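Open the model in your viewer and keep the sequence panel beside it. The stops below say what to select and what is found there.

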Amino acid sequence: MDQTDALNIVKRYAEIVRNTFDCQKIILFGSYAKGNARKERKTND
């Protein structure tokens, strides 16, 4: 998942939250918000 995919998911989720709860702000935090997310690594767990 790249930054564009992550932001699209967040936007859809934020719309659901806005329609469900009385909120003033929805804040994205973490590596995608900071713009330093790394590529996903496949593991053999």
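## Helix α1

Select α1 to begin: its 18 residues reach 26 Å from the first C-alpha to the last, close to the 26 Å expected at 1.5 Å a residue. The expected span is 1.5 Å times one less than the number of residues in the helix. Helices here are DSSP runs (H or I, at least four residues), strands are DSSP runs too (E, at least two), and both are numbered from the N terminus.

Before going on, note that this is a predicted model, in which local features need pLDDT of at least 70 and side-chain atom pairs count only at pLDDT 80 or more, while totals for chains, interfaces and linings use all residues. Residues are numbered from 1 along each chain as its sequence is written, and side-chain values use heavy atoms, with hydrogens and water left out.

Now colour A6, A14 and V17, the buried residues of α1. Seen down the axis of α1, these buried residues fall within an arc of 70°, so they line one face of the helix. The arc is taken over the directions from the helix axis to the C-beta atoms. Buried means under 20% relative accessible area, exposed means over 50%, and partly exposed lies in between (1.4 Å probe, protein chains only).

Turn the view to the face of α1 directed away from its buried side and select T4, K11, R12, I16 and N19, which are exposed residues.

Which relative accessibility does A14 have? Click on A14 in helix α1: the value is 5%, so A14 counts as buried. Draw a C-alpha to C-alpha distance from A14 to K25; the two are 11 residues apart in sequence and 9.4 Å apart in space.

Next select L7, also placed in helix α1. L7 has a relative accessible area of 33% and is therefore partly exposed.

## The salt bridge

How many salt bridges does a search of the whole structure find? The search finds one. To see it, show the side chains of R18 and E15, which meet at 3.1 Å, N to O. The criterion is a side-chain nitrogen of Lys or Arg within 4 Å of a carboxyl oxygen of Asp or Glu. Side chains of opposite charge can pair when their charged atoms come close.

R18 and E15 both belong to helix α1 (residues 3-20) and are three residues apart, about one turn of the helix. R18 is partly exposed at 46% relative accessibility, and E15 is partly exposed at 40%.

Keep R18 selected and show its contacts (heavy atoms within 4.5 Å). Not counting residues up to four places away in sequence, R18 touches C23 and I26.

## Helix α2

Move to S31, which lies in helix α2 (residues 31-34). Its relative accessible area is 34%, so S31 is partly exposed. Leaving aside neighbours within four places in sequence, S31 is in contact with N36 and A37. The C-alpha atoms of S31 and Q3 are separated by 9.5 Å, and these residues are 28 apart along the chain.

## The whole chain

Finally, select everything. The protein has two helices and zero strands. Of its 45 residues, 7% count as buried. The protein exposes about 4700 Å², and carbon and sulfur atoms supply 50% of that area. Accessible areas come from the Shrake-Rupley method with a 1.4 Å probe; for residues, only the protein chains shown count as cover.
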